[in-house]
Amino acid sequence: MNKPGEKMSLSPQARKLIDQHSRAIDAAAQEAARKLTSAASALGAACTLLNQRARYFGATGEHFSVHEYDGIHVIDALDERLLKAIGAMLGAYLERARRKPSPEATAFLEEKLAPGAKDIPQYPVGYMIHYMLVRAFQLFEPLPQEGSGLELGDLEVAMAHHLRSILQRYVETREKPVTRHFSDVAREYSVVMRLKCGCGAEKFDVKLQALCQTSGGTPYDRLDLQCRDCGGQRSITFNLPHFKDMYRL
Ligand SMILES: [Zn+2]
């Protein structure tokens with residue numbers, strides 16, 4: 001059923017990287033969860049976890065190009081794992097602390113840290129959210145010295161809520177099977193955008209998107225691509241593990 005050159009699954013090396021680094025992310029998240037005594041420590045833990053990305057990005061780059069199919073899948077899978085872990089950690093802390101952010105601090109951050117949760121695309125891919133969070137931290141850093149009249153503690157609580165609302169928006173699209181399906185399909189185009197052709201160009205046009213089935217009846221998407229520079233063609237496939245959930249509402 002598969003055409004030559006079509007790929008239905010990740011290489012063993014890619015799967016190994018995902019397993020290994022998923023465990024490292026979970027261990028780092030557990031470690032971080034033990035030290036949450038204040039909003040400041042929750043922010044510190046979120047920052048430490050965000051930095052984990054550099055490790056798996058580097059490790060993945062030793063085996064694959066991050067512009068290739070396997071490399072992109074490994075990074076996306078680990079980004080999702082990481083973001084869910086940070087979201088769970090912040091959520092658990094905020095529920096335990098039961099501190100609502102002050103409306104003043106919330107409004108101040110909304111102004112200073114835009115874009116926030118409202119500006120997230122409908123089906124974001126992990127790296128976009130990771131970037132938003134890192135950017136929010138960069139913008140947050142000088143704010144306590146800005147003389148806004150707001151207490152540092154209030155700003156930190158509002159920041160923790162701000163980050164969590166971004167993460168919640170993302171996690172929602174990755175949890176319910178139906179939204180997960182649409183989010184998987186949206187990701188296909190993000191993969192194409194990041195793929196590089198052998199000629200060095202990073203511009204593939206999608207010539208055809210087809211819903212296919214393996215001989216075992218498993219649905220998958222096939223995208224036929226053509227490089228805009230050299231005209232080279234290739235096909236890539238994506239598993240659609242949640243396709244059938246759409247009919248089980
Ligand atoms: Zn090319």
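Guide: The C-alpha centres of domain 1 and domain 2 lie 27 Å apart. This is a predicted model, in which local features need pLDDT of at least 70 and side-chain atom pairs count only at pLDDT 80 or more, while totals for chains, interfaces and linings use all residues. Residues are numbered from 1 along each chain as its sequence is written.

Visitor: What are the bounds of domain 1 and domain 2?

Guide: Domain 1 covers 12–175 and domain 2 covers 178–247, bounds that come from an automatic or database domain assignment.

Visitor: How many residues of domain 1 are in contact with domain 2?

Guide: Two residues are in contact if their C-beta atoms, placed from the backbone, lie within 7 Å, and by that rule 10 residues of domain 1 are in contact with 13 residues of domain 2. On the side of domain 1 that touches domain 2, α3 (69–97) and α6 (152–175) are the elements that give two or more residues, and α6 gives the most, with 4 residues. Helices such as these are DSSP runs of H or I with at least four residues, whereas strands are runs of E with at least two, and both are numbered from the N terminus.

Visitor: Why is α2 called roughly antiparallel to α3?

Guide: Helix α2 (residues 39–63) and α3 pack at an angle of about 170°, with their axes 10 Å apart. Axes are lines fitted to C-alpha atoms, for helices over the stretch in contact, and angles run from 0 to 180 degrees between N-to-C directions. Angles under 35 degrees count as roughly parallel, over 145 as roughly antiparallel, 65 to 115 as roughly perpendicular and the rest as oblique, so α2 is roughly antiparallel to α3. Among the residues making this contact are Leu-49 and Phe-57 of α2, and Leu-78 and Ile-86 of α3.

Visitor: What makes β1 and β3 edge strands?

Guide: Two strands pair if DSSP finds at least two bridges between them. The open sheet of 3 strands has the order β1-β2-β3, with antiparallel pairing, and β1 (204–213) and β3 (233–239) each pair on one side only, which makes them the edge strands.

Visitor: How do you know that β1 pairs with β2?

Guide: The two are joined by 9 bridges and run antiparallel, β2 being residues 219–227, and the pairing rule asks for at least two bridges. Within this pairing, Val-206 has Leu-225 of β2 as its bridge partner. Helix α7 (residues 177–194) packs on the sheet, touching β1, β2 and β3, and its direction makes about 25° with that of β2.
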